[in-house]
Amino acid sequence: MKSRSTGIVVGAAAASLVLALTSCGSAKQSTGSASSGSGTASGAVKVGVLLPESKTTRYEQFDRPLLESRIKELAPNAQIDYYNANQDATLQQTQVDTALTKGNQVLVLDAVDAKSIQASVQKAHDAGVKVVAYDRLAQGPVDAYVSFDNNKVGQLQGEALVAAVGDKASAGKIIMINGSPTDPNAAQFKAGAHSAIDGKLTIGKEYDTPNWDPNNANQEAAAGITAIGAPNVVGVYSANDGMAAGIATALKAANLSVPLTGQDAQLDAVQRILIDTQTMSIYKPYKPETDIAGAMAVQLAQGKTLGKDLVPTTVTSGSGQTVPANLITPIVLVKDNIKSTVVADGLYTVAQICTPDYAAACTAAGLQ
């Protein structure tokens, strides 16, 4: 089914990208002497980077190398210790302990479970170690937070789904497949999506998906299709692209071609958008986010106070702390702006996207 959400992004996407890149530029300007790599009075900058999992391709492919590159750009002699928790909250707590033992001055932390990591954040705080909550807002005394406007992400997804379903809204129901109940971002995506969907589309079945697992999402979609009846399914809300892959398989098995949302602009999702098996994704430019997080980490390691250019706003965490924050505006990704977003930004090359199976679709979309 062809996407009808293209209009959402006209103008807004360009403005959002400019804002994101401006934030990135501000981060660079704010570092001042950080670019000299002088470190702290006690020696080199020491940063622990703790990411949550590897099933979602972004973390190893983009977040990790971009974070490490940014930190090294600002502090060439920095010691960077990297940890991936493989979606195991207990393992991540152990990794925080290891980072503290290694003498890391700052932790860039993307929490597996925002609530259960609170004790580890408190332990870091008590040891004088700063914590930058990256992409997900951990509970506890976090020093800074960088992410995207997660409620807006869900709202944009919901609006795109409503537009794509169009006049078929009264003919059936949608399935909602949300993210992990332990991820605070998932709750914000869900709330934003409901703000756009409620009253416009009828939700037949709704699921919260442990660990954002694509296999779970596939099973949930199949169960939802069975419960509602395939002829009565008019669309599916998926909170991210990883789950959308599993959902797309379930839709194909049921011989259904209906609007399907996503998030993260994964390569396979871009390809699904080209062949109309996924309607849209949310593109969250990783470099502005990693640039800001890296600048936060280096400045905090150097004992500096973060300025308004890095933390222009505040958010309240699940444990009630007011946290200085930088929230970047997300971008709706549809077929018509693949070239001007993920290709123009260097996320993927045309050759990576337009493999033989997608060559005809790429030509039709003006990519080659």
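1. The model is predicted: local features need pLDDT of at least 70, side-chain atom pairs count only at pLDDT 80 or more, and totals for chains, interfaces and linings use all residues. Residues are numbered from 1 along each chain as its sequence is written, and side-chain values use heavy atoms, with hydrogens and water left out.

2. A search of the whole structure gives three aromatic pairs. Rings of Phe, Tyr and Trp (its six-membered ring) pair if their centres lie within 6.5 Å; planes under 30 degrees apart count as stacked, over 60 as edge-to-face and the rest as tilted. F62 and Y286 are stacked, at 5.2 Å centre to centre with 20° between the planes. F62 belongs to helix 3 (residues 58-74) and Y286 to helix 11 (residues 286-301), 224 residues apart; helices (H or I, at least four residues) and strands (E, at least two) are DSSP runs numbered from the N terminus. Y286 is buried, as is F62.

3. The F62 and Y348 rings are edge-to-face because their planes stand at 75°, with centres 6.0 Å apart. Y348 lies in the loop between helix 12 (339-343) and helix 13 (350-353), so its pair with F62 in helix 3 ties together parts 286 residues apart in sequence.

4. S317 is located in the loop between strand 10 (313-316) and strand 11 (322-328). S317 counts as buried because its relative accessibility is 5%. Leaving aside residues up to four places away in sequence, S317 touches L137, A138, G140 and V323, contact meaning heavy atoms within 4.5 Å.

Terms used. Buried means under 20% relative accessible area, exposed over 50%, partly exposed in between (1.4 Å probe, protein chains only).
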